[in-house]
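Please look over the sequence and the structure shown here before reading on.

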Amino acid sequence: MRHSGREIYPAERRHMSHHRAELLRRSKAAILMLIIGVALMISAGYVRTETGAPADRAAAAERSRDTDDVWTDPTDMPTPRASSSPPTSPSASPSTTSPSTSPTPTTPSASPTARALSVNLALHRPATATSEVRTANGASYATDGNASTFWEGANHGLPQNLTIDLQGSYPVTRIVIKLPPLANWPARTQTLSMLGSTDGTTFTTVKGSAAYTFSFTGGKHEVTIAVPRSTVRYLRLAFTGNSTWDAGQASEVEIYS
């Protein structure tokens with residue numbers, strides 16, 4: 001056999017044949033490794049391909065959405081979603097408050113005299129009378145705080161006295177006398193004077209005799225009597241007349257400073 005103008009010997013032919021066979025084997029091995037590598041990359045998702053089953057394509061697309069790949073196609077870029085919450089403005093820096101140098105003014109509490117004006121000094125204090133029509137209309141009912149109960153002197157017993165012990169000496173400027181707040185009690189006029197004492201024995205006139213009309217108005221039967229300021233422990237109401245009944249009557253006697 002000749003090759004390039006010279007004769008090739010059998011030994012050279014065998015060597016060349018062996019060399020070609022080795023090249024062919026290596027080429028096949030390289031191609032096989034390349035095929036295996038490509039297959040592995042496809043299965044791992046590193047290579048996108050349109051071939052294969054629809055399920056494989058869907059899985060590859062899902063994996064591509066979950067990765068942080070760089071988007072090169074402008075039409076495939078995700079549209080930014082507008083935020084639903086308004087932008088937050090930076091918080092203002094905390095204001096500094098300078099310490100106050102002047103003391104906070106305080107409103108003075110009511111004086112003892114002002115507080116005393118609203119206190120009924122006669123409430124639940126002992127009371128006595130020259131007479132009572134019955135036990136259920138005793139003198140103590142004139143200071144029990146219940147206008148529905150009342151003191152009434154004996155029938156045809158005028159003049160009659162009702163005396164209240166304040167259990168302490170107090171300045172007195174106002175007296176309220178009440179009758180039961182019932183519309184079926186007709187209007188009446190009672191004539192009386194007021195006397196005061198500090199020892200329960202010697203009484204002086206606080207308010208002279210006068211006629212006071214009790215009429216049912218606004219759900220009440222009562223009169224309010226202003227008296228010259230007097231310091232007393234015992235206050236006595238001296239009844240001398242009643243236009244509808246011959247006896248003194250009072251459901252509540254309230255005494256204020």
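## The nonpolar core

A nonpolar core is a set of buried Ala, Val, Leu, Ile, Met, Phe, Trp, Tyr and Cys residues joined through side-chain atoms within 4.5 Å. In this predicted model, the largest nonpolar core has 30 residues, and the members that touch the most others are Leu 162, Leu 166, Ile 175, Ile 177, Met 194, Val 253 and Ile 255. Two or more residues are given to this core by each of strand S5 (160–179), strand S6 (188–197), strand S7 (204–214), strand S8 (221–242) and strand S10 (252–256).

Leaving aside residues up to four places away in sequence, Ile 175 touches Met 194, Val 223, Thr 224, Ile 225, Val 227, Leu 235, Val 253 and Glu 254.

Ser 257 is located in the segment after S10 and counts as buried, because its relative accessibility is 8%. A polar atom of the Ser 257 side chain lies 2.6 Å from the backbone oxygen of Pro 171.

Pro 126, in the loop between helix H3 (112–117) and strand S3 (127–129), counts as partly exposed at 38% relative accessibility. Although Pro 126 and Ile 164 are 38 residues apart along the chain, their C-alpha atoms are separated by 6.0 Å. Apart from residues up to four places away in sequence, Pro 126 touches Thr 163, Ile 164, Asp 165 and Gln 167.

In soluble globular proteins, nonpolar side chains tend to be buried together. Here, however, Leu 32, Met 33, Ile 36 and Leu 40 make a nonpolar surface patch of about 420 Å². Met 33 has its place in helix H1 (residues 10–44) and is exposed, with a relative accessible area of 57%.

Key: Residues are numbered from 1 along each chain as its sequence is written. This is a predicted model: local features need pLDDT of at least 70, side-chain atom pairs count only at pLDDT 80 or more; totals for chains, interfaces and linings use all residues. Side-chain values use heavy atoms; hydrogens and water are left out. Patches are made of residues with over 30% relative accessible area and no salt bridge: like charges are joined within 9 Å, nonpolar side chains (Val, Leu, Ile, Met, Phe, Trp, Tyr) within 5 Å. Accessible areas come from the Shrake-Rupley method with a 1.4 Å probe; for residues, only the protein chains shown count as cover. A salt bridge is a side-chain nitrogen of Lys or Arg within 4 Å of a carboxyl oxygen of Asp or Glu. Helices (H or I, at least four residues) and strands (E, at least two) are DSSP runs, numbered from the N terminus. Buried means under 20% relative accessible area, exposed over 50%, partly exposed in between (1.4 Å probe, protein chains only). Contact means heavy atoms within 4.5 Å. A polar contact is a pair of N or O atoms within 3.5 Å; within protein, one must be able to donate a hydrogen and the other to accept it, and residues adjacent in sequence count only if both atoms are side-chain atoms.
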